[in-house]
Amino acid sequence: MWAMSMHNQTTQMNIPLRGLFLILCVALIFSCSSINKPYNYKRFPDNYAEIKHEYETYYHLTACKPGETIASIGAGDGITEIQISCFVEGITWYLEEIDSSRLYQFEDVLTYHEKLIGSSIKADFNLVMGTENSTDLPHGIFDRVLMLNVFHEIEYREGIMTEIHQLLNEDGVLIIMERIGKKAGEIHGDCKYPKLMEPGFLQEMNDYGFILKSEQLGEEMSNLMFYTFESKI
Ligand SMILES: C[S@@+](CC[C@H](N)C(=O)[O-])C[C@H]1O[C@@H](n2cnc3c(N)ncnc32)[C@H](O)[C@@H]1O
């Protein structure tokens, strides 16, 4: 009898609580759907959990640390760097591109992510226009230079790769993320550039004066690899 009345009491209390929960869910759905995506692009997350998943699955492999000064060559609209900054605070970023239309999208992508997570992102962002042959980035200040899905698109690699030695500070490292081919002749689905094959890529990096420090698999199916290099110059 006691147990039953307790059960009833609980049920009675649950009805208003359930109502409140439903109202909160509906409010949340409406507040999320009111954040318009800056442009139609499949990589935009719909919620914080998706950003966290991307970071914990892939981008933590860039090993970016709080307070570092980091250049990203070929940063596109800066979405990856913005997402890393949701989890690693106080980075001073230099986002470099040769396509100004990608850099113009940056502010909207930042605003979108800040609305999604409900707070400002604690990082400094500097946008830099480079050229095919030169990054135009300041020398000697970078703890880390990132090239995320970019190396295979660079037409005049020698100039850019040689310049990176001058960009890094004494302990600086270069992180290259690439989807590496599993067999010769594979091409990237989006840009149609040929995929790199690992032996040729590592030989090329050695010729540019970089020592491989570590390599990590980010995702098996597309053979997404993260390489860390040190300068031997
Ligand atoms: C596949 S997108 C990757 C963009 C971004 N890193 C990302 O992961 O979303 C490659 C980018 O590299 C840029 N790019 C190509 N050649 C470049 C060069 N020489 N210097 C700087 N960026 C370059 C392109 O404009 C393009 O935005």
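The model is predicted: local features require pLDDT of at least 70 and side-chain atom pairs count only at pLDDT 80 or more, while totals for chains, interfaces and linings use all residues. Residues are numbered from 1 along each chain as its sequence is written.

**Whole chain.** Select the chain and display its secondary structure. Seven helices and seven strands are present (DSSP runs numbered from the N terminus: helices are H or I with at least four residues, strands are E with at least two). From the N terminus on, their order is α-α-β-α-β-α-α-β-β-α-β-α-β-β. Of the 233 residues, 27% are buried (20 or more other C-beta atoms within 10 Å of the residue's own; exposed means 12 or fewer, partly exposed in between, with C-beta atoms placed from the backbone).

**Core.** Next, select Ala71, Val145, Leu174 and Ile176, which touch the most other members of the largest nonpolar core, a set of 42 residues (buried Ala, Val, Leu, Ile, Met, Phe, Trp, Tyr and Cys joined through C-beta atoms within 7 Å). Strand 5 (residues 168-179) gives the most to this core, with six residues. Around Ala71, leaving out residues up to four places away in sequence, the contacts are Tyr94, Glu96, Leu137, Phe142, Val145 and Leu167 (C-beta atoms, placed from the backbone, within 7 Å).

**Helix 6.** Select residues 157-167, where Ile160, Met161, Ile164 and Leu167 are buried. Viewed down the helix axis, these buried residues fall within an arc of 105°, so they line one face (the arc is that of the directions from the axis to the C-beta atoms). Glu158 and Thr162 are exposed on the other side. The cover over the buried residues includes strand 1 (69-73), strand 4 (142-148) and strand 5.

**Ligand shell.** Select the ligand and the 20 residues around it; Gly74, Gly76, Asp99, Leu148 and Glu153 come nearest (a residue is near if its C-beta atom, placed from the backbone, lies within 6 Å). Helix 3 (79-84) and strand 2 (91-97) are the elements that give two or more residues to this shell. The shell comprises nine nonpolar, five polar and six charged residues (Ala, Val, Leu, Ile, Met, Phe, Trp, Tyr, Cys and Pro count as nonpolar; Asp, Glu, Lys and Arg as charged; the others, Gly among them, as polar).

**Confidence.** Finally, colour by pLDDT, the predictor's confidence in each residue from 0 to 100. The chain averages 88, and 85% of the residues score at least 70. Residues 1-13 stay under 50, with zero contacts beyond four places in sequence. Residues 27-33 also stay under 50, with two such contacts. Where pLDDT is low, the predicted coordinates should not be read in detail.
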